[in-house]
Amino acid sequence: SDNKAQLVLSQAQGLLGFMSIVFNDQTKSDEVTKTMIGLLGDLADAFPNGEIRDYLRADWIQELIKYGRTGPRGSSIREHTRWAREMIKRASS
């Protein structure tokens, strides 16, 4: 499990770089946005000790979370965002 975590950690910059490109794509669907938010939460959850703290502080991630929080009440994107935000907060402190 530690080897898998290290492998993911070694690719975090590239993965998040790609996600930032997708974030800036005006044609992305809400499903893609929701999936990106979930993946950010998963990454933050996998590295709760600050290993990716600097990456998680990127402006585009804050914008993505802000966007997700403005989704319709009860929507799955809003639920994903609530959870991801907590994971990101924990991994960034």
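Helices here are DSSP runs of H or I with at least four residues, strands are runs of E with at least two, and both are numbered from the N terminus. Gln-62, for instance, has its place in helix α4. This is a predicted model, in which local features need pLDDT of at least 70 and side-chain atom pairs count only at pLDDT 80 or more, while totals for chains, interfaces and linings use all residues. Residues are numbered from 1 along each chain as its sequence is written, and side-chain values use heavy atoms, with hydrogens and water left out.

Two of the helices can be checked for length against an expected span, which is 1.5 Å times one less than the number of residues. Helix α2 (residues 30-46) has 17 residues and should span 24 Å, and its end C-alpha atoms are 24 Å apart, which agrees.

| Residue | Relative accessible area | Class |
|---|---|---|
| Phe-23 | 12% | buried |
| Trp-60 | 12% | buried |
| Lys-34 | 15% | buried |
| Gln-62 | 41% | partly exposed |
| Lys-89 | 45% | partly exposed |

How many aromatic pairs does a search of the whole structure find? The search finds 1 aromatic pair, where rings of Phe, Tyr and Trp (its six-membered ring) pair if their centres lie within 6.5 Å, and planes under 30 degrees apart count as stacked, over 60 as edge-to-face and the rest as tilted. Phe-23 and Trp-60 form this pair, which is tilted, with 5.9 Å from centre to centre and 40° between the planes. Because Phe-23 lies in helix α1 (residues 2-23) and Trp-60 in helix α4 (residues 59-69), the pair ties together parts that are 37 residues apart in sequence. The charged end of Lys-28 sits over the ring of Phe-23, 5.2 Å from its centre; for this, NZ of Lys or CZ of Arg must be within 6 Å of the ring centre and within 35 degrees of the ring normal.

A nonpolar core is a set of buried Ala, Val, Leu, Ile, Met, Phe, Trp, Tyr and Cys residues joined through side-chain atoms within 4.5 Å. Of the 22 residues in the largest such core, Met-36, Leu-40, Leu-56, Trp-60, Ile-61, Leu-64 and Ile-88 touch the most other members. Helices α1, α2, α4 and α5 each supply at least two residues of this core.

Contact means heavy atoms within 4.5 Å. The cover over the buried residues of α2 includes α1, α3 (53-56), α4 and α5 (76-92), and that over the buried residues of α5 includes α2, α3 and α4. Ile-88 touches Leu-40, Ala-44, Leu-56, Ile-61 and Ile-65, with residues up to four places away in sequence not counted. Lys-89, found in helix α5, is 48 residues from Gly-41 in sequence and 9.7 Å from Gly-41 in space, C-alpha to C-alpha.

Methods. Buried means under 20% relative accessible area, exposed over 50%, partly exposed in between (1.4 Å probe, protein chains only).
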